[in-house]
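Please keep the sequence and the model at hand while reading.

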Amino acid sequence: MDEQYFTAEVKARERSLYRIAISYMHSDADAADAVQDALLKAWEKRHTLRELAYFGTWLTRILINVCKSHLRGRSRAVALADIPDAGVQDMAEHNLVLKEALDTLDLKYRIPLLLHYLDGYPIKEVAHIMRLPVGTVKSRLSRARGLMQDRLNQEVFSDETK
Amino acid sequence: MKRNDLDRAFPETPQAFSERIDQTLRRIKEEKPVKKITLKAVLVAALITLLAAGAAYALVSLGQEWYFNTRFTAYQEHEPEKHKAIMDNLITDITQKNTGEAAKLVDIQVQDASWAKEQKVLTLSYAAILQNPDEYEMYALWELDQDGSWTPQLDPDDPDSRTEHWLFTHHGYGIPKDVMKDPAKRLLLIDPMREVYIGQTDVAMPMWMSDILTSPDGPVICLQEFDLKQLEDAEIRKDYEGRTEPVGWSKAEGGDYQQYLKDEETRLLKRAADMRAAITANTDKEGFLHLRMPYELWFYDLEKNDLDRSVTGEITFKVKSPE
């Protein structure tokens, strides 16, 4: 993998990287720090990627590991609720409802939801990224859909899981 | 509401976030490989020459033609001129020898080389084969714990952390003795040290990328690419022209940005001068550039599931400079 390929693949996934990082870190600055560390780590370990087709899976996995690592290093005294949410002031009211519904989901439901429905990863790859059995991912997605429907009281997900 | 509406639950990607990604990607481009080489012991006392000059090579089927057409196809798809230049300049008749303690256990050879002058790129591929496959099984060190989840002590906050080493093989990813072809054999892990030095100097060639994998049939294959533009002052200066301070640049951490650029440019220009001098001094009358690549071979303790000890080796070879 050369620098040009790496750069192009990262840029193509910028939005996805932001969604994952902000879900864990809850602030733009911390999300940027996490992504920076993840990219440097990924570049350093680029030889470990066996199949270029799995670049997204591999990079997302590294980013999640880095986010968890950063969260562990964060002061436990700061409750997540006390951290101002990124960009909230710029969001329309409708989107805020969505955001609030999503924010009520535990990360173990939110991340597979984002990876599967927004980033389009098949369940098998979500399982690989999250180091979970496929069955667990399916049940978490099902639970996540149910929770989101409860909160929004409308049909958000009409498609069956793959 | 469609599923993609979910994206609206997130704010627009902040400009500063995008800038930070750009800044990080530029930093990646500027940095040279960081791995430091530390030879553990001096052991050249019993050099064993395994290959005579001009030895033909048997594993070219897993050389660069295979690599750039099968495993890594980005050049073929996105930089066809570079791909063609690499293919057009491939040579397999390479004078080389493998020496050191590790050479008693593994036969590592340069399979082929391509010095594409017009594209300013040099590529090399290696294959490492066990001398005694009945006793040993070998993989690349990179294939151990490649997911980064191994930690010396279990982290209760991280469900992914583990204290057992895992190895990636064609039988799966897990504890080495569970995924080896034959766990009754001893396990060796080879680590090409990622730098290729010019002659006997400590000046390294400008590595651009490398890749390593164990093929299904056993040989460990390594590919290296060198960016020869890094030998030219004009190319280095061009790379630093017209840069503006990126959003999010931290003066506290990085100092004045223009000074940072100047320092980096100076460092790379000096490195280029050192490389050019070393290349001139180590190119023989016939126009062959002499190179060497150290490597390390680790013994693995399957009972303890841990690295045991290592021995080192070095492959020296020469490639013809283009006219």
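The structure is a predicted model, in which local features need pLDDT of at least 70, side-chain atom pairs count only at pLDDT 80 or more, and totals for chains, interfaces and linings use all residues. Residues are numbered from 1 along each chain as its sequence is written, while chains are lettered from A and ligands numbered from 1 in the order in which they are written.

**Helix pair in chain B**

- Helix α6 (residues 233-240) of chain B packs against helix α8 (residues 257-281) of chain B at an angle of about 165 degrees, with the axes 10 Å apart.
- Axes are lines fitted to C-alpha atoms, for helices over the stretch in contact, and angles run from 0 to 180 degrees between N-to-C directions.
- Helices (H or I, at least four residues) and strands (E, at least two) are DSSP runs, numbered from the N terminus.
- The crossing of α6(B) and α8(B) is right-handed; a crossing is right-handed if the near helix is turned clockwise from the far one by less than a right angle, and left-handed if anticlockwise.
- On α6(B) the contact involves D233(B), I236(B), R237(B) and Y240(B), and on α8(B) it involves L261(B), E265(B), L268(B), L269(B) and A272(B).
- Two residues are in contact if their C-beta atoms, placed from the backbone, lie within 7 Å.
- By class, the contact of α6(B) with α8(B) has 6 nonpolar, no polar and 3 charged residues.
- Ala, Val, Leu, Ile, Met, Phe, Trp, Tyr, Cys and Pro count as nonpolar, Asp, Glu, Lys and Arg as charged, and the others, Gly among them, as polar.

**Sheet in chain B**

- An open sheet is formed by 5 strands of chain B in the order β1-β3-β4-β11-β10, with antiparallel pairing.
- Its edge strands are β1 (90-91) and β10 (207-214) of chain B, each of which pairs on one side only.
- Strands β4 (residues 121-130) and β11 (residues 220-227) of chain B are joined in the antiparallel sense by 8 bridges; two strands pair if DSSP finds at least two bridges between them.
- A128(B) has V220(B) as its bridge partner in β11(B).
- Helix α2 (residues 64-71) of chain B packs on the sheet and touches β1, β3 (106-116), β4 and β11 of chain B; its direction makes about 105 degrees with that of β4(B).

**Helix packing in chain A**

- The axes of α2(A) and helix α3 (residues 28-44) of chain A come within 8 Å and cross at roughly 120 degrees.
- That angle makes α2(A) oblique to α3(A).
- The crossing of α2(A) with α3(A) is right-handed.
- L17(A), Y18(A), A21(A), I22(A) and M25(A) of α2(A) meet D30(A), A31(A), A34(A) and V35(A) of α3(A).
- The contact of α2(A) with α3(A) comprises 8 nonpolar, no polar and 1 charged residues.
- The axes of α2(A) and helix α6 (residues 107-118) of chain A come within 11 Å and cross at roughly 170 degrees.
- α2(A) is therefore roughly antiparallel to α6(A).

**Confidence**

- Chain A averages a pLDDT of 76, and 77% of its residues score at least 70; pLDDT is the predictor's confidence in each residue, from 0 to 100.
- In chain A, confidence is lowest in helix α5 (residues 93-103), at a mean of 69, and highest in helix α2 (residues 14-25), at 90.
- Chain B averages a pLDDT of 83, and 84% of its residues score at least 70.
- The model scores ipTM 0.73 and pTM 0.58.

Key: Parallel < 35°, antiparallel > 145°, perpendicular 65-115°, else oblique.
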